[in-house]
Amino acid sequence: MPNGFRNRWLTRTLAALALSAVYLYGYPSATIFYAAIVLFHVAAGIVFSVLLIAHLVRSLKSDAIFARLGWVLLAGGAILGLVLIKIGTPHRLKAWLYAHILMCVGGTLFVVTSWLASRGTLGTGFVRHGLGFAALILLTAGIATGAWWTREIGWSNANRISNPLMPPDSMDKEGDGSNGKFFPSSAQTKHGGNIPSQYFMKSDACQRCHADIFNQWNSSMHHFSSFNNQWYRKSIEYMQEVAGVRSSKWCAGCHDPALLYSGLFDTPIKQIVDRPEARAGLGCLMCHSIVEVKSTMGQGDFFLEYPKLHELAASENPVVRSVHDFMVRLNPEPHRRTFLKPFMRADVAEFCSSCHKVHLDVPVNHYRWIRGFNEYDNWQASGVSGQGARAFYYPKSPLNCADCHMPMVPSSDDGNVNGLVHSHRFPGANTAVPTANQDQAQYEFAKAFLQDKQLSADIFAISPADKETSATPGSEMGKPEIATTFAVGEESDTSLPKGPAGEVRPITAPIDRTEAAVRRGDDTRVDVVVRTRKVGHFFPGGTVDAFDVWLELQATDEKEQTIFWSGKVEDDGKGSVEPGAHFYRSLQIDGHGNPINKRNAWATRSVVYVHLIPPGAADTAHFRLHIPQNAGDKITLHAKLNYRKFTWFNTHFSFAGVEDNSTKLSHTDGASTATTPDYDDRKWAFTSDASKVSANIKAIPDLPITIIAEDTKTLRVLPRNSPAPEPKTVSVKEDWTRWNDYGIGLFLQGDLKAAAAAFEKITEADPQNPDGWTNIGRVLVQEGDTAGARKVLEKALAIDPRLGRTNFFYARALKEDGDYDGAITRLRTVLAQFPRDRVVHNELGRVLFLKKLYADAVKEFETTLSIDPEDLQAHYNLMLCYNGLGNDATAEEHKARYLRFKADESAQAITGPYRQTHAEDNNERQPIHEHVSVALGPQQQKPTAPKTATKMAAQGGLKRGGGK
């Protein structure tokens, strides 16, 4: 081959490689055109390598020094490129890819410099050539910077999650609207049509490169989100029977992609429940096909996109699959951009909120807007997220959903980072599905997660019991203003009582530091503190109407007598939890006062009580312990925080529930008056054939009870004729969090005076701890004692003048005293550290409104809506602000949203008859209440604790559970 011909094609090929490289780096996309450019780059690289070998052999010695350096660097880059064609460029080999790029860029710069110098373009002399080389470097750097900006910054900015400042005033305007294919789910597809069901059923195609992740997902609750989960299956069958098929699409947007987005969900599920689409669950391509999350309002508020090139990956043709896999390994960036959008990493919690936050409205519940379960808002407002200014506790660094529920685990999968991938087992609290599926490994995984010090229990204090066990007078809690079946946490403090409340009791605490004693014949109140430690949302989270989560307390003496037992489980640990237990749940009722116990949240018309623990907070439970005359000399108290994924009733209903013969009507007109979407008065029997349930166990499973946390303390027992034990407290620095937790639990139930007394113990042990002073100030602000609050808060500010929560409560005291300017200064100090705290923005907006600075107030309230578009206080105050500005049209828009989200106060009337007939639930509803023991035999022996696990694999299955 003549040198001139070879050199011309060598330089032309090099130019083509350079141009294609810029395009490949700066504009990666999963398109045929981009794939063609990749193949062109590979082919051109091979041709260039062949030509370069010939050039190096024949002409290298005659080239100028710059050219020689360039060709040598290009040779190194070409060799590395050929290697990468063979081994690919996964994340773990990214350094090799960039070495190839740098060597080729450097070599090209030297070659181009030599070429320009040979033509006289750069003048003569080494200095002129060096300046020309530097100019080329600057030009290349500019091109590289532009390509990088387009590749990284532009891509990231175009794929973030932001909220609308004006949410829809009706569910009919959410998603595709009331005539949409997937309504009332808010989910949409980019092309506005259906997506083939097979697309969501090809997770095994991902297994070729991500075997570890696939195997993790295969046992996960995402896999069992659909009709391969008997609990979910029964709830949808029941919902469609009572409320219709269309309303159940509200669930399908996040649970049943293969059915909903293909159009199959228009058919009643009982007719298609055995189809593979009904048992696909949430496969890889559900979450990873979300290309836009429209807001943090949840229930599938996202866009899905169907990538046509996926058909290559899922092809049954081995040649097509091989070509696809070769292309992905060679250049994974288009694949990554298709299935891993920037918001999936940068806005993790907001991404998760699209399914882990919901609301119900007329198209679903035939009633009105109600908040359903909501993991996002309370996380966002808490100290765990690092965004809440008023938290009691903060972790060492902020945490998001993936930090707990997708932890890094070792893997050799393609795409691993330093040998680690995010776990797709999605560790959580579902011990029921793996039990029913006899998946021992997944069950042990969930159990280990639950017992990984997520919460703690502390039997902390005793005190003489009052004569009455009812709520302390004046402690009635304020009702949440928003319509919700979920708890209200640190995103709102309006549920606490105003003014002095509670009482200071003569306590003995901590029990283990005071040699605590009780006297035979007396009644003693035992206080147990439960603290959320590694939980980033309310505990429990999720569908809190369906769980059994309760605090159990037993008291036994050295004579093996059980003298107290609250939270006992019937049928030797297999039955229902006794109704007087201290539960953590949301107890909801339908229009006729029937409990919501069939996962029928759409029938909720009122809430009897919601009892959950916020993240980084505590609950203080009270038990009335009677010391019998025959008690031994030592009483052992044993507290257990117990967890059973589903209630006894819900499990039996899901696996074998049928309408009881006693309530069946004649159905002569084709309908039953015993049930409507508003209520269900039917009774249920658990006699249905379980042979076709969606579980490996074809019977009602005995769900395991997991002990999440426990504690044991001992009490000395004094004779009846001895003096009553004197109260005694011990406060040491290392116990400050125990006193703090005790006070937090009392504070959150409205026992303000007792809470302040607990916080004072912190200041006694360590006056330099600002938390004690701050929390006393928080109590005094709530009581309305602004002068006292300012005094103690100033002590905290003297220790740490920038402490966010202290400045917030100081600002609130200033506002109450009419010092608006001072309050504004303090609130701006808080927002400088916590710019996404909704309550602080609302507080600042309110102060600005009081100063008639309406435009400035609007900015604060709109900032709140950018964080939570459904914030009730923001819409209410924006209505007032726009009225003040004379903008009546916008004021009316916010009024409409305020009225949509505001609670139906009249709904509480439904709870009256229910509470009259359910004394235990009425007791639990009271903010300050005590629990008594179940009836015990005169010489009951110390029982064996309920098992925390059921050995499924070893036993070959679980036996059918007993009934009441």
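This note goes through helix packing, salt bridges and backbone geometry in a predicted model.

1. Basis of the note. Because this is a predicted model, local features need pLDDT of at least 70 and side-chain atom pairs count only at pLDDT 80 or more, while totals for chains, interfaces and linings use all residues. Residues are numbered from 1 along each chain as its sequence is written, and side-chain values use heavy atoms, with hydrogens and water left out. Helices (H or I, at least four residues) and strands (E, at least two) are DSSP runs, numbered from the N terminus.

2. Helices α25 and α26. The axes of α25 (residues 736-748) and α26 (residues 752-765) come within 8 Å and cross at roughly 165°, where axes are lines fitted to C-alpha atoms, for helices over the stretch in contact, and angles run from 0 to 180 degrees between N-to-C directions. The two helices are therefore roughly antiparallel to each other; angles under 35 degrees count as roughly parallel, over 145 as roughly antiparallel, 65 to 115 as roughly perpendicular and the rest as oblique. On the α25 side the contact (heavy atoms within 4.5 Å) includes Trp736, Trp739 and Phe747, and on the α26 side Leu752, Phe759 and Ile762 are among the residues that take part. By class, this contact of α25 with α26 has 12 nonpolar, two polar and one charged residues, with Ala, Val, Leu, Ile, Met, Phe, Trp, Tyr, Cys and Pro counted as nonpolar, Asp, Glu, Lys and Arg as charged, and the others, Gly among them, as polar.

3. Helix α24 (residues 648-656) is mostly covered, since eight of its nine residues are buried, where buried means under 20% relative accessible area, exposed over 50%, and partly exposed in between, with a 1.4 Å probe and protein chains only. Trp648, His652 and Phe655 are among these buried residues of α24. The buried residues of the helix pack against α8 (230-243), α21 (432-436), β11 (548-557), β17 (634-644), β18 (657-659) and β21 (684-686).

4. Helices α8 and α24. The axes of α8 and α24 come within 9 Å and cross at roughly 75°, and the two helices are therefore roughly perpendicular to each other. Gln230, Trp231, Lys234 and Tyr238 of α8 make this contact with Asn650, Thr651, Phe653, Ser654 and Phe655 of α24. The residues of the contact divide into four nonpolar, four polar and one charged.

5. A search of the whole structure finds 60 salt bridges, each being a side-chain nitrogen of Lys or Arg within 4 Å of a carboxyl oxygen of Asp or Glu. Arginine 900 pairs in this way with glutamate 174, the closest N and O atoms being 3.0 Å apart; arginine 900 is in helix α34 (residues 888-901) and glutamate 174 in the loop between α5 (126-157) and β1 (188-189), 726 residues apart. Both arginine 900 and glutamate 174 are buried. Arginine 390 forms a salt bridge with aspartate 837, with 3.3 Å between the closest N and O atoms. Arginine 390 lies in the loop between α19 (376-380) and α20 (401-405) and aspartate 837 in the loop between α30 (820-833) and α31 (838-850), so the pair ties together parts that are 447 residues apart in sequence. Arginine 390 counts as buried at 4% relative accessibility, and aspartate 837 does so at 2%.

6. Arginine 790 forms a salt bridge with aspartate 817, the closest N and O atoms being 3.1 Å apart. Arginine 790 counts as partly exposed at 25% relative accessibility, and aspartate 817 is partly exposed with a relative accessible area of 38%. Elsewhere, Lys357, Arg371, Asp377, Arg838, Asp868, Glu870 and Asp871 are linked in a network of salt bridges.

7. Backbone points to check. Most residues other than glycine have a negative phi, and most peptide bonds are trans. A cis peptide bond joins phenylalanine 183 and proline 184, with omega about 10°, and proline 184 is in the loop between α5 and β1. The peptide bond from alanine 509 to proline 510 is also cis, with omega near -15°. Glutamine 299 has a positive phi, near 45°, and counts as buried at 3% relative accessibility. Aspartate 571, in helix α23 (residues 570-573), has a phi near 55° and is partly exposed, with a relative accessible area of 36%.
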